[in-house]
Every structure is written in structure tokens, then in C-alpha cells.
Amino acid sequence: MPTPPSLRIGVVIVAAGSGQRLGYGIPKAEVVLAGRTLLEHALEAVLASGVAAHICVAVPPGDTALTAICARAAGTVPVTAVEGGSSRAESVGRALSGLEPGLDAVLVHDAARALTPPDVFARVGAALAAGAQAVIPALPVADTIKTAVPCSPEEQRIAGEKVSGTPERARLRAVQTPQGFDARTLADAHRWLESAGSDAAGITDDAMLVERRGVDVFLVPGSEQALKITTELDLLTAEALVARRLRSAAPAGKESQQ
């Protein structure tokens, strides 16, 4: 794992999602994976990476369970919770306000990417320490991607959409979190977002937000384990990944005795 950067880094964890697509009837970050909540897995990875000077978690309004998890996780590294907002951007903005002052950089991470390895956090932090204002982990896209447009009224009897183009796959990347930023750059971008109105339409993550502000965003290798847990199938895949980790960590011969 890369040496933890010399910067003072705050980490925002977005854990305010409702989890409707998972269908458990509880906030997504409270869903249990291999005996622990998604938030607990995410916090473990951040703390193991050694990059964080302070962690602030955006939780659903009125939440007590996730807030208690944050309190239990706090130690040498402070872990605090704030109530998230009605959108991801609003939740990130509130968590930024909850971080201690004087930080050099901020990582924004989704609790739904609960199995992101500590190495990924360290790579993002190292790139920031090397001078990047914005850096994100990403993987090459394996699938062929098509762009689509709605069919004409005459074509609707065939299908609702048709292909409008095929981007060059070699240049495509699937973006993950944590996304890292110079602290002032990210704060300025969120202040702009609050007053941007229609100019902010279509902005889906913080990297896109700073791109809109003319900031170069650098790429470091992500991880296949950093999948976003959104559906029941994603959760099953994550369970398999945890099981594989446990097998890999088991002392030689122990697994065969079980």
C-alpha cells in the first residue's frame, strides 16, 4: 500500500441514501453484509488506509443507528455524523461543513462502496500529495457502450430507442469513490453549486462538479472490489467477495479443517 500522504485529509462518507432499490426498508448504509453494516465496512477501510485526519458521515435525517456506529468508530481519528440533505450534493455539502477546519484535502466516498480496499484510498491521497487538485479511482470499461436516442413516432412500433453512436471503449473509464480534492477547490465548487441554478443540471458527482469549474481531474487505478451496492444482486456479489477475503486470510490448513 502506498505511504499515507503528508497532507491533512478529511474524509466525507455519504451514507444518507434510503436504500429503496435494495428493498430492506432501512437506510442502505444500515444493511448488513457478512455480519456488519455497510457503513461499518466503509469506516474500517478508511481507517485502515491511514489517510484520514477526520471523518464526517452524512446520515439520514433523524437517524440514530448510523450515528451510533460513528460514535463507536471514533478513536485516534475523530468520526462524526451530520444529517444529510435531499440530494447527494446537499449531503456532501453538509458533511464538508462538519469537517474540522484547516484540512488540506478531502476525499468523498460512498458508503455503498463498502468493500473498497484501503489501497484505493492511499492511491488517491498520494496523487493529491503529488499536486493534483482532483483525482478519482477508475477502471477500464469491459463492455461495449452505446449512446441512445428516442425513436421517431414511426419507429416506436419497433422499439423505444435506437443507437446513436459507439464511443471508443479504450478511452472509457468506470468511475468509483473515494474521489479526492484539494479542500479549497471542493469548497469553492460547492459554493458555486448552491447558486448555479440550471447550470448545475446533470452534475452527478463531485468530479463532474469540479470539471464544470475547469479543474483537471486525474485518474488512479480503482478496484473491482469497490462495486457500488445498489441492488440485491450487488449485495450477493459483495457477500461472495467477503467470503473470498476470509478464505484468503485464513491460516494455511484451517479452512480444510472446517
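Guide: One definition to begin with: a disulfide is a pair of cysteine sulfur atoms within 2.5 Å. Keep in mind that this is a predicted model.

Visitor: OK, how many disulfides does the structure hold?
Guide: The count is 0.

Visitor: Is Cys 70 buried or exposed? And Cys 151, buried or exposed?
Guide: Cys 70 is buried, at a relative accessible area of 1%. Cys 151 has 11% relative accessibility and also counts as buried, since the cut-off for buried is under 20%.

Visitor: Back to Cys 70. Which residues are buried in helix α2?
Guide: Helix α2 spans residues 65-73, and Leu 66, Ile 69 and Cys 70 are buried there. They sit on the same side of α2, because they cover an arc of only 100° around the axis.

Visitor: What's on the other side of α2?
Guide: Ala 71 and Arg 72, which are exposed.

Visitor: New topic: at what angle do α1 and α2 pack?
Guide: About 30°, with the axes 10 Å apart. That makes α1 roughly parallel to α2, as angles under 35 degrees count that way. The crossing is right-handed.

Visitor: Which residues of α1 and α2 meet?
Guide: From α1, Leu 39, Glu 40, Leu 43 and Leu 47; from α2, Leu 66, Ile 69, Cys 70, Arg 72 and Ala 73.

Note on methods
Residues numbered from 1 in each chain as written. Predicted model: local features only at pLDDT ≥ 70, side-chain atom pairs only at ≥ 80, totals over all residues. Heavy atoms only, no water. Buried < 20%, exposed > 50% of the residue type's maximum accessible area, 1.4 Å probe, protein only. Helix = DSSP H or I, 4+ residues; strand = E, 2+ residues; numbered from the N terminus. Arc of directions from axis to C-beta. Axes fitted to C-alpha atoms, helices over the stretch in contact; angles between N-to-C directions. Parallel < 35°, antiparallel > 145°, perpendicular 65-115°, else oblique. Left-handed = near helix turned anticlockwise from the far one by under 90°. Contact = heavy atoms within 4.5 Å.
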